[in-house]
Amino acid sequence: MAPDPDRRIAPLDAVPADTTYLVTLRNGDDDPREAVLVRTDDGVAGWLNYCRHLLDVRLDKGSGAPMRDGELVCANHGAYFEADTGYCTFGPCEGATLEPVDVSVVDGDVYLTDDDYAFVETGGIDDGSAGPSPTSNFEF
Ligand code: FES
């Protein structure tokens, strides 16, 4: 069955090997959620873009999450998460697991295959505010 073009996220080549690719998803009428694509030995994995220590902290703050030896690093307190399993191997939430987002690669493109989410756009959530708030994490 041909993949649904509305669920195409990006060419696989656009997902970097040393950091994350940020996207915005939506689950029904809920507020949008951010997710990251990350390279794995098998291809690509998807995870919600929120640390498991403080759940409102974004791993990718808009310019790619740091990675070390195949693990995503939360810049806030240094938790490490395996790119392929989401498992936290070190840090204040050691033993926790990132929330998965199902994706797959078809003919060189990454598709959202998670029935819980619809693809909204590449990049982070546009909160519609007139400018950066005093608590904004955005980096330009
Ligand atoms: S918020 Fe991520 S390690 Fe503390």
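Biologist: In this predicted model, which residue is the bridge partner of Val106 in β11?

Modeller: Start with the two strands: β10 and β11 run antiparallel and are joined by four bridges. One of the facing pairs is Val105 opposite Val110. For Val106, the partner in β11 is Asp109.

Biologist: And which residue in the hairpin of β10 and β11 takes a positive phi?

Modeller: Look at the turn here. The hairpin has two residues between its strands. The one with a positive phi, near 50°, is Asp107.

Biologist: What about Ala10, which residue in β11 is its bridge partner?

Modeller: Here we go to another strand that pairs with β11, namely β1. Three bridges join β1 to β11, and the two run antiparallel. The partner of Ala10 in β11 is Val110.

Biologist: Which strands stand at the edges of that open sheet, and why is one side of each left without a neighbour?

Modeller: The sheet has three strands in the order β1-β11-β10, with antiparallel pairing. An edge strand has a single partner strand, so one of its sides has no neighbour in the sheet. That describes β1 (8–11) and β10 (103–106).

Biologist: How many degrees does the twist average from one strand to the next in that sheet?

Modeller: Keep the order β1-β11-β10 in mind. Going from one strand to the next, the average twist is 30°.

Biologist: Which residues of β11 point one way, and which the other?

Modeller: In a regular strand, side chains alternate between the two faces of the sheet. In β11, Asp109 and Tyr111 share one direction. All of the residues in question are buried, and those pointing the other way are Val110 and Leu112.

Biologist: Now the four-stranded sheet: which strands stand at its edges?

Modeller: This open sheet is antiparallel and has the order β5-β6-β7-β8. Each edge strand has a single partner, so one side is left without a neighbour in the sheet. The edge strands are β5 (67–68) and β8.

Biologist: Which residue in β7 is the bridge partner of Glu71?

Modeller: Strand β6 (residues 71–73) pairs with β7 in the antiparallel sense, over three bridges. Across from Glu71, the partner in β7 is Glu82.

Biologist: Is Tyr80 buried, partly exposed or exposed?

Modeller: Its relative accessible area is 24%. Buried means under 20% and exposed means over 50%, so Tyr80 is partly exposed.

Biologist: Let's look inside: which element gives the largest share of the lining of the largest cavity?

Modeller: The whole structure has one cavity of 30 Å³ or more, and about 40 Å³ of space lies in it. Elements that give two or more residues to the lining are β2 (21–26), β3 (33–40) and β4 (43–48). The largest share, three residues, comes from β3.

Biologist: And how many of the lining residues are nonpolar, polar and charged?

Modeller: The lining includes Ile9, Val23, Leu37, Trp47 and Leu112. Gly46 is also there, and Gly counts as polar. The residues divide into 10 nonpolar, one polar and no charged.

Definitions and conventions: Residues are numbered from 1 along each chain as its sequence is written. This is a predicted model: local features need pLDDT of at least 70, side-chain atom pairs count only at pLDDT 80 or more; totals for chains, interfaces and linings use all residues. Side-chain values use heavy atoms; hydrogens and water are left out. On a 1 Å grid over the protein atoms alone, a cavity is a set of points where a 1.4 Å probe fits but cannot get out, and a pocket is an open set with protein on both sides within 12 Å along at least five of seven lines; lining residues have an atom within 4 Å of a point. Grid points are joined across faces, edges and corners, and a volume is the space filled by probe spheres set on the points. Buried means under 20% relative accessible area, exposed over 50%, partly exposed in between (1.4 Å probe, protein chains only). Two strands pair if DSSP finds at least two bridges between them. Axes are lines fitted to C-alpha atoms, for helices over the stretch in contact, and angles run from 0 to 180 degrees between N-to-C directions.
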